[in-house]
Amino acid sequence: MTQAADIVAELDRLYTASVERLQTALARYLDDGTPPDRQARLDGSFAYPEIHLRYRGGNEQRPAPPRSFGRLIDPGEYRISVTKPGMFADYLTEQLTFLIEDYDVQVQARPGRQEIPFPYVLDPGHAWSLDEVSATELARFFPATELAHIGDEIADGLWIASDETRPLALFDGLRTDFSLARLRHYTGTPVEHFQQYILFTNYHRYVDEFVRYAIGQLGEGSRFTGVSGAGGIYVEAGDDTDRLLNDTSAWRRHQMPAYHLIAPNRTGITLVNIGVGPSNAKTITDHLAVLRPEAWLMIGHCGGLRPSQRIGDYVLAHAYLRDDHVLDDVLPPEIPIPAIAEVQLALARAAATISGQSGDELKARLRTGTIVTTDDRNWELRYSTTALRFSLSRAVGVDMESATLAAQGYRFRVPYGTLLCVSDKPLHGELKLPGQANRFYERAIAEHLKIGIETCEELRREGPKLHSRKLRAFNEPPFR
């Protein structure tokens, strides 16, 4: 088997068969108490399929591919378990095609031994009653979520081989399913609706503007096919859009509601309202990373730190002072987080396109500099300490999410960027009063969000050039 599409099709067949066997065994147990055959747990009947690749080496005379991923350095065996191959078909096919075309490899889809936990096959469409059986009881007979087997050791460079086989990708089937379940819970939308370009915001008014914009993009001649919103709301051209426009219950039901402007091959745009704070920023990106998005961008508000800034100005982050602390154990704060040139240029071009300004006129509104991300919402109460630290960093803005999102992009090899809008100037006595706040929001949000959307379109047009070697370690798995 040499064609990537055929390999992915076989993965899907194996995965579907494992899921059906597990669902059938669960249904039988819930119906009459019959446990699964013990042999099914031993022979991989309930297991994820896996990709197995053998690289012979010997390509020293062939020029290395120019891309930053899809590269093989050391000969040997590689493998990774896979969940939902149908959902990830485009990604898997692309990654395998690069390796098959550029290297002397043997690749096959085959049954694996990493079992699928039973919670991940409990389809809401099944009429199963779990009221009279506990998860603990089911775990006696069926594969369950073993946290000891889920982790980010590959991404964090801590993976230790138990044999001579190397990992083929950053995330295996178990880690991916764990995150897909969390994404549904946190965002209130199907994981299949997430798009390749992701915007984060920390204010709900951006959601309102995004929904209005997204609905306006539907119709004849548009590349966008629908809009999906938190709570299971989905609209297409011609549908009644009032449900989505008027829905105010998402925050009561979902911690970080998501909204998706859907296009073929997941080339549309997703907006996630992560709220305030680095903990949420880390949580959502831990899980979004398994989707292997093309890029994620922070489009939110910050406090301006320079006297020359005005409320409504923009800050394009080219460096981050990480006072968020939530990643210190896995990514020490002394590790530099580089700006991604392709993303920086796309943000700058989009700002010029949407604002209609350029040159000195645009520079008067858009400042490039360091963003401080803090985990202390009341940092102003420690003014004597924080003001000195901010000054030493030459920071131009302060927020509670951007450095966390950038660090997670660096950690998980997802291109990232930040464009913030100055909403107040706490060091200079310019705080938003209620009336001023409303006028600021009305003036700034629409333009700011459209810059974020246009940046996503710029990056989509950029194509493979978006991915930078800045994000790749020297002992990387081959897949992006």
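On a 1 Å grid over the protein atoms alone, a cavity is a set of points where a 1.4 Å probe fits but cannot get out, and its lining residues have an atom within 4 Å of a point. Grid points are joined across faces, edges and corners, and a volume is the space filled by probe spheres set on the points. By this rule there are two cavities of 30 Å³ or more. This is a predicted model, in which local features need pLDDT of at least 70, side-chain atom pairs count only at pLDDT 80 or more, and totals for chains, interfaces and linings use all residues. Residues are numbered from 1 along each chain as its sequence is written, and side-chain values use heavy atoms, with hydrogens and water left out.

**View 1: the largest cavity.** Its volume is about 180 Å³. Among the 16 lining residues, Tyr91, Leu92, Ala169, Phe171 and Thr176 are the closest to its centre. Strand β2 (76–81) and helix α3 (89–102) each supply at least two lining residues; helices (H or I, at least four residues) and strands (E, at least two) are DSSP runs, numbered from the N terminus.

**View 2: the second largest cavity.** Here you will find about 50 Å³ of space. Ser68, Phe69, Arg413, Pro415, His467, Ser468, Leu471, Arg472 and Arg480 form the lining.

View 3: In α13 (residues 402–412), 10 of the 11 residues are buried, meaning under 20% relative accessible area (1.4 Å probe, protein chains only). Leu405 and Phe412 are among these buried residues. Arg413 follows α13 and has a positive phi, near 65 degrees; Arg413 also lines the second largest cavity.

Note on methods. Buried < 20%, exposed > 50% of the residue type's maximum accessible area, 1.4 Å probe, protein only. 1 Å grid on protein atoms, 1.4 Å probe; cavity = no way out; pocket = protein on both sides within 12 Å on 5 of 7 lines; lining within 4 Å.
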